Amino acid sequence: MIGKMKRRDFLKALGLGGTATLVGCDLPTTVTLEEGKEDVVSYLLPEEYAIPGIAVWYASTCTQCTAGCGIHGRVREGRVLKIEGNPEAPINVGKTCQMGQAGLQGHYNPDRITAPMVREGGRLVPTTWEKAQALLSEKVGAKSTLNADRVAWFTGTLSGHQRALVNNHLDAVGSKLHFAHEVVNANVWQAVSRDMLDDPMPRIRLDKAKLILSFGADFLATWVSPVHFAGQYSKFRTAADRGALIQVESKMSMTGGSADLWVAIRPGTEGALALGLANYLVANGVNAAALTAEVRDKIAAYDVQKVAGITGIATAQIERIGKALKARSPSVVLAGASVEGQAQGYESVAAIMLLNVLLGNIGTTIEPSGKFPFPQLEAKSGGTGDLLAFTKAVEQKQLDVVFFYGANPLYSAPAALKLDEQINNIPFKVVLAQFPDETAMHADLVLPVSSYLEDWGTHVAAYQPEQNQMGVQQPLMQKLYGDTRGFGDVVVSLLALRNTAQWGAFTDSYGYLKNVFATMKAGVGAGALSNDEFWNNSLQTGMVKVDAPARKHTLKPVVPNVATNAPDAGFPYYLVPSPRMGLFDGRHANLPWLQESPDQIAKVVWDSWAEIHPSTADKLGIAHGDVIKVESEHGALEVKAYLIKGIHPDAISIPLGQGHTEYGRYAKNRGVNPLKILKRITDAKTGELAMYATRVKVSKTGKQDVIIRLGHSDTQHGRRLARTVSVDVLKRTKGA
Amino acid sequence: MVRWVNKQVAEIAGATAPRALRHVSWIAAVALMWAASSSAGFAQDIVPPVGLHQGEDVVQPIEFPHNIHVEVNKINCMYCHTYARRSKVAGIPPTSKCIGCHKIIATDKPRIQKLTEYWQKGESPKWKKVHDVPDYVHFTHERHLKKLVFDRDYPVEDVKEICAFCHGQLKEMTVAKKVKPLNMGWCVSCHEKNGGPSDCWKCHK
């Protein structure tokens, strides 16, 4: 409401009013140029290798998303100050994304939980680890009257020794319940790859392709392993025969913004387009011998005319894509979250994978992945199916004790699941949290965990490049808060409560890790090294490179039963809850750098907005900046309308990440959370939540507001500030 | 200059050195004298920065007497601020360095007893920062010492005169006090007079 604020009020809000006084300058920890105000503490005993002012870089692994990039942290005077990519890491080859860079702000975040908290009289109050430990012993210790089947872990994607520890704990308790939840995932893509290729996460070789056709796969920002794909993409683009990118999606993503051809498609019809393209290719002489007769029949039913009607894409455009696919080989065809997140998501992704089969991309640009020698360390990839299973178990009061870590279901669960009403069906909720997020604030016991820059761990990303790796995460500095504990330390102590004989010897996860590394080295081809050499090498390089034997792709026919959604007169638009590099699924909303860095397409900062096509807005009488009501069967959100051509007229897009009701000063009560109004529709095959299938209606509220964004305007107002020249003119004039 | 060369010569010649070696040393010394005389007047070729700042008196946890250490005991600045020649910061000496001497020296003085208390508790005193530049200024002690001392063969035992360019005469102070402006105009004026870099990116990076 800045538009309505008077200058005087604005100055007052800034603390510049006449009576406001500046406080804080005399605090002992202040940072200032004034003499005698800032503390400067010397070493008690100098460390030989530490020179104040000279930085040392240590290797570790990023945990800001699930890609598992290798990082180097610059450490000076015992503080980690900068994060860069580890050039040795095959996943990211020395690069990082903005989320990786912003990891420091999670570590130094002023809203970190610094002491355990326990619920007393309905409120969370600070307690000590001794008391927390006693409570845990009473509830889940060896002498507790625990019902094994009623204990569960609820985490994000978990891999490496964190997963092994959780599995150990579940074994020690006697339970099998581990729910892994990620809002941004590729679970349907993985399921299709498993079924069709017998490979859950095949390697994608964008660098070998001459054409990428991506159905909503935002591989430069949020899909699977964005930094890895960005590196491949730059090779693809800078090759002598420059690769071409065609992006088909309902809402322009960052990848879509980089495409040579961006095509807006009616939401949920991507499978039909894939079959239509297959039809065009077969009709134009591409050998369909690789497909079964049943699949060929399926394809035959989708002629270009019909597909144009379903998808809303002109026939000429479909033929243009088909021609490009035929001419530019090898290609690679990808399917992203907007395709997966439909009631027939699996079928559509299967239809898209069929294009790869038809075009002979399997084995050229889609390669078999390596089989990691330690299956117990492989990633348990989170999805939304587990969230649904979890809410069902909660609803039916099947859980007595749940440990939460690395996931925030009370933020990400749609209101339709009624999780916030039913969460207290779990009598004892333990949340291992770094921040007071929505889930932590509902906990019965909050255990403060160290940041990833203070903790030990190993990470085996679900997507592995040509060289398989296990990322090693080591503390880059001492804990900022002495009362936080590493995740592994907490689980080891939980294990010791159950089985003192086996686990009591380990005081922390460092001891555990060092121990298991000794047992691993032979399995990764490092048997010749001593235990210490192997351990030190792993810490120095930040990873263990693993020679994993490649799987074999065996093509299995899957007939894609592509169906399209019936129109819904009451709720005519599709809600696109789009993730973006930055706030991601909302986990980074408390990092000011990422709030401040503008959305890659809309350029909005610190806020939520709803993207709407100008023609739709025109029809509804909505102007840019109008506050509109976006309403599904399960609730309504009031949000500012952002008119943009990069969206299909049938879609309304609200980006993910904002709308936190907790989660610290930077995230709380800012914007809206589109996940809340999603309908409970699932993908028929995989049981994943169909996140892009919710229909909404849109109405005006009569209110108006200012959208704060970088640049403020999409046009140059005729002033030719940034001049452009067409490729034809450039070729003709040679740039003169 | 002459004093320093004489001292070097005396050291190099070494009264106890073998005869033949002594001979060689004398040749070296003569060569050195020639080299020094050919760059005669180098102490004057640097123009110290001009400008003063009225610093505040800073209350430190222990009133450290720079004057006693520098003027009375003739301890080199870089003996304690040992990182100055290696790093961008000069560094506050580790408490162990203080204790190294003060285990035996002046243990009856109240300030030393206070220091010993810190040491026995396993803590360093929380000193207050006196000299600072903003985070967007990359000042480095190492480069300045290289240029102003080591590259010029300036006598290292006189380094306090160079330190005084920016820190004032510590031999006259107890607790350090900011007496130079340390602002950009002041830095630039010295860079201009003495051929320091004038590229923005040298300091603002």
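Helices, of at least four residues, and strands, of at least two, are DSSP runs numbered from the N terminus. The model described here is predicted.

**Chain A as a whole**

In chain A there are 24 helices and 26 strands. The radius of gyration of chain A is 27 Å, close to the 27 Å that the globule rule gives for 736 residues, so chain A is as compact as a globular protein of that length. Its C-alpha trace spans about 75 × 70 × 65 Å along the principal axes.

**A pair of packed helices**

Helices α9 and α12 of chain A, which cover residues 270–283 and 315–327 respectively, pack with their axes 9 Å apart and at an angle of about 60°. Because angles of 65 to 115 degrees count as roughly perpendicular and those under 35 degrees as roughly parallel, α9(A) is oblique to α12(A). Their crossing is right-handed. On the side of α9(A), the contact is formed by Gly276(A), Leu277(A), Tyr280(A) and Leu281(A). Helix α12(A) contributes Ile318(A), Glu319(A), Ile321(A), Gly322(A), Leu325(A) and Lys326(A). Sorted by class, the residues of this contact between α9(A) and α12(A) are six nonpolar, two polar and two charged.

**The barrel**

Chain A also holds a closed barrel of six strands, in the order β21-β25-β22-β24-β23-β26, and the pairing is mixed. On average, neighbouring strands of this sheet are turned by 45° against each other, direction ignored. Within chain A, β22 and β25 run antiparallel and are joined by two bridges. Ile612(A) has Ile652(A) of β25(A) as its bridge partner.

**Contact between the chains**

Where chain A meets chain B, 17 residues of chain A are in contact with 26 residues of chain B. The side of chain A that touches chain B comprises 10 nonpolar, three polar and four charged residues. Strand pairing also links the two chains: β1 of chain A and β1 of chain B pair in the antiparallel sense. In this pairing Val41(A) stands opposite Lys126(B) of β1(B).

| Strand | Partner strand | Sense | Bridges |
|---|---|---|---|
| β22 of chain A (residues 610–612) | β25 of chain A (residues 651–653) | antiparallel | two bridges |
| β1 of chain A (residues 39–41) | β1 of chain B (residues 126–128) | antiparallel | three bridges |

Terms used:
Residues numbered from 1 in each chain as written. Chains lettered and ligands numbered in written order. Predicted model: local features only at pLDDT ≥ 70, side-chain atom pairs only at ≥ 80, totals over all residues. Axes fitted to C-alpha atoms, helices over the stretch in contact; angles between N-to-C directions. Parallel < 35°, antiparallel > 145°, perpendicular 65-115°, else oblique. Left-handed = near helix turned anticlockwise from the far one by under 90°. Contact = placed C-beta atoms within 7 Å. Nonpolar A, V, L, I, M, F, W, Y, C, P; charged D, E, K, R; others polar. Pairing = 2+ DSSP bridges. Rg over C-alpha atoms; globule rule 2.2 N^0.38 Å.
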